[in-house]
Each structure stands twice: as C-alpha cells, then as structure tokens.
Amino acid sequence: MKAEFFKTLAHPARIRVLELLSEREYAVAEMLPEVGIEPPHLSQQLAVLRRANLIMSRKEGSTVYYRLTSPRVAELLAVARAILTGVLSGQMELLEDLKAAET
C-alpha cells in the first residue's frame, strides 16, 4: 500500500496540485495556470489524486473546487521539502569542497 501511495505522488503535476492545495482550496480554472498543463491532463491528474483519497471536490454552480482531504498531506510535502533541502545542501558543500581541492 505504501508503494502505491508513493507512486501516486510520483508525478510533477500531482505534486504541484498538492502544493497549491496545501495553501487553500482552489477552483480548477485557478489551478490551470499554476500547474501549467492542458485542462484534460489536469483533470486526469486530479482524478488520480481523488481515487487515492488525497483530495476532495465540491461543486458550486458550474465551478468545481478542490481541497486536501487531510492537513497531513501538506505536512508530508513539507517534510519531503526539508529532506530534499538537506540533501541538496550536502551536495553543494561537497561540490564546494571539490572545487577548493582543485585550486
């Protein structure tokens, strides 16, 4: 189950959608310019996230709004960002050490 969960997260557009929804509820039309993919592709990615129960939708007139099902999804993204920042920091330090050793 865990592997399937992480496979669901393994797409840049889905990550971007979840990051947006970590801030607030979004209408599909608001997400389009932020995610930068065509409407059918966004709909497809939203469907994947809905099936995984990571997001939920509500309809108001003809507008569909999405939000996270749990604030823990936002926490997971924040932890992933912190881990990646640490990894990249370590790689930058190593690169600086290698450059210094060349001179």
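The model is predicted, with local features needing pLDDT of at least 70, side-chain atom pairs counting only at pLDDT 80 or more, and totals for chains, interfaces and linings using all residues. Residues are numbered from 1 along each chain as its sequence is written, and side-chain values use heavy atoms, leaving out hydrogens and water. Helices (H or I, at least four residues) and strands (E, at least two) are DSSP runs, numbered from the N terminus.

**The sheet**

- Three strands make an open sheet in the order β1-β3-β2, with antiparallel pairing; strands count as paired if DSSP finds at least two bridges between them.
- The edges belong to β1 (26–27) and β2 (55–60), each with a single partner strand, so one side of each has no neighbour in the sheet.
- Two bridges link β1 to β3, and Tyr-26 has Tyr-66 of β3 as its bridge partner.
- Between β2 and β3 there are six bridges, with Ile-55 partnered by Leu-68 of β3.
- The β2 and β3 hairpin has two residues between its strands, and Gly-61 takes a positive phi near 65 degrees there.
- Helix α2 lies across β1, β2 and β3, at about 85 degrees to β3 (axes are lines fitted to C-alpha atoms, for helices over the stretch in contact, with angles from 0 to 180 degrees between N-to-C directions).

- Leaving aside residues up to four places away in sequence, Val-35 touches Ala-13, Arg-16, Val-17, Leu-20 and Leu-42; contact means heavy atoms within 4.5 Å.

**Gln-45**

- Gln-45 sits in helix α4 and is buried, at 7% relative accessible area (buried is under 20%, exposed over 50%, partly exposed in between, using a 1.4 Å probe and protein chains only).
- Its contacts include His-11, Ala-13, Arg-14 and Ile-37, again not counting residues up to four places away in sequence.

**Helix α5**

- With 32 residues, α5 reaches 47 Å from first C-alpha to last, close to the 46 Å expected at 1.5 Å a residue; the expected span is 1.5 Å times one less than the number of residues.
- At the start of α5, a side-chain oxygen of Ser-70 comes to within 3.0 Å of the backbone nitrogen of Arg-72.

Terms used. A polar contact is a pair of N or O atoms within 3.5 Å; within protein, one must be able to donate a hydrogen and the other to accept it, and residues adjacent in sequence count only if both atoms are side-chain atoms.
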